[in-house]
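Hi,

Here is the structure I promised to pass on. Please have a look at it first, and then read my notes below.

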Amino acid sequence: MPTHNLHPLNFNGIRSMKTLPSTLTAAAVTAWLALGCGQAPDDSSQATPPSLPPISALTAAQLNDAVRDAKSPAVILNMWATWCVPCIEELPDLLRLHENYRARGVKLFLVSWDADPKLAQKFLASKKVDFPSFIKDNSETDPKFIEGIEDKWSGALPATFLFDADGKLVHMWEGKETYEAFEKKLLEILKPSAQNPVQPPKGETP
Amino acid sequence: MKKSASVLFAALALAAFTLNAAALELGDKPPKTDVKMKGTDGKDYTIAGVKGAKGTLVIFSCNHCPFVVAWEERIAALCNEFMKKGVGIIQINSNDYNRSKSDTPELMAQRSKERGFEFPYVVDATSEVARAFKATVTPEFFLFDADDKLVFHGALDDNHRNASAATQHYLKNALAALLKGEAITVHRTKTPGCTIKFRE
């Protein structure tokens, strides 16, 4: 099934996509994710010491490409900032959710709204984040970025988006949410199979 | 059965995506205009009471939000200017200050003085005004014309971090057009900001 038509950019059928400028970066991000997130893309402007988790500045179109190309049963995309108190309060729940479901292929895309990527990286390192994350590319204005991610999103932080295996947006939360709320929606889209029954991990409540 | 299930699914999906939609449409009148809200000067204000001859601007804002802080000097300058030109302005803090400690009335008064707000900065003590507007973030601007019809809902401009880098001055353009009696070209924009911490 071609995923293009189900891409969130086309969710409402009203947005345009600047594919060419984003192709290389999106491809680099995809390759990076496919490699198990061990190495940052070849972007010297974003080079970081090995102790900090890699971070890439992406536009909305590039982020949408990365979601589509993740080939994951579910992608949780969270908009946050180090200065956003409710974002910081909900982050442990998102990290725990990711930890519990990453073996099933679920990916967590953290997108920082910080002005300085180092701030985000240092904060994420302190939370033992070991996977690549993203930062809003400030060459794109805030309204364009917001519209490019999801037309129904007001622009409030935090905001979390759940995409299914086809890259289709299936749920959006504005404001702080709980582990249980995120997990409930996640379990709805993880397809059950004999080898992989969809149940919360041991010790977690459904 | 299949059809009804898919209809139900579609309805639920639609509900999920409309929860955060702005309730006020262009042309709507402001709700809760008679709710008394305490200002940082100790006086009670209502939206009806601040109505201006040229129109009324209702701002949902707060103290703590970094987006507000980044935009606040611009908000003060623009609103002070247009208040003198006949636009009634009220800035409402609907946050529960038990959850957001920097949003107490005392700190609001301090902020108002520091920024030189010449318009009322008031407490929405039950968050009912924000709920009625279906406001979701701070800062969020609702501009009504002289007939109390909504003509603009959105953000101040397109760059909260850097005033000199802003290329689209949404609110200023809307205010200027309103005063000139010209058509407002951008009626609705995204509103980057912090979620309102509603009182339970």
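In what order do the seven strands of the open sheet in chain B lie? The order is β2-β1-β5-β4-β3-β7-β8, and the pairing is mixed. Strands here are DSSP runs of E with at least two residues, helices are runs of H or I with at least four, and both are numbered from the N terminus. Two strands pair if DSSP finds at least two bridges between them. At the edges of this sheet are β2 (44-45) and β8 (150-154) of chain B, each of which pairs on one side only.

Before going further, a word on the source: this is a predicted model, in which local features need pLDDT of at least 70 and side-chain atom pairs count only at pLDDT 80 or more, while totals for chains, interfaces and linings use all residues. Residues are numbered from 1 along each chain as its sequence is written, and chains are lettered from A and ligands numbered from 1 in the order in which they are written.

As for confidence, pLDDT is the predictor's confidence in each residue, from 0 to 100. Chain B has a mean of 91, with 88% of its residues at 70 or more. Residues 5-20 of chain B are one stretch to treat separately: pLDDT stays under 50 there, and the model has seven contacts for them beyond four places in sequence. A contact means that the C-beta atoms of two residues, placed from the backbone, lie within 7 Å. For the complex, the predictor gives an ipTM of 0.79 and a pTM of 0.79.

Now back to the sheet in chain B. Strands β3 (residues 55-61) and β7 (residues 140-145) of chain B run antiparallel and share six bridges; B:I59, for instance, has B:F141 in β7(B) as its bridge partner. Helix α3 (residues 66-84) of chain B packs on the sheet and touches β3 and β4 (87-93) of chain B. The direction of α3 makes about 150° with that of β4(B), where axes are lines fitted to C-alpha atoms, for helices over the stretch in contact, and angles between N-to-C directions run from 0 to 180 degrees.

Helix α6 (residues 170-180) of chain B has B:Y170, B:L171, B:A174, B:L175 and B:L178 buried, meaning that 20 or more other C-beta atoms lie within 10 Å of the residue's own, with C-beta atoms placed from the backbone. These residues lie on the same side of α6(B) because they cover an arc of only 125° around the axis, the arc being that of the directions from the helix axis to the C-beta atoms. Their cover includes β3, α3, β4, β7 and β8 of chain B. Just after α6(B) comes B:G181, with a positive phi of about 75°.

Finally, the two chains: 18 residues of chain A are in contact with 19 residues of chain B. On the chain A side, α5(A) gives the largest share, four residues.

β5(A) pairs with β9 (residues 193-195) of chain B in the parallel sense over two bridges, and A:A156 stands opposite B:G193. On the other hand, β6(B) and β9(B) pair in the antiparallel sense, also over two bridges, and B:T138 has B:C194 as its bridge partner.

Best wishes

Technical notes:
Buried ≥ 20, exposed ≤ 12 C-beta atoms within 10 Å, placed from the backbone.
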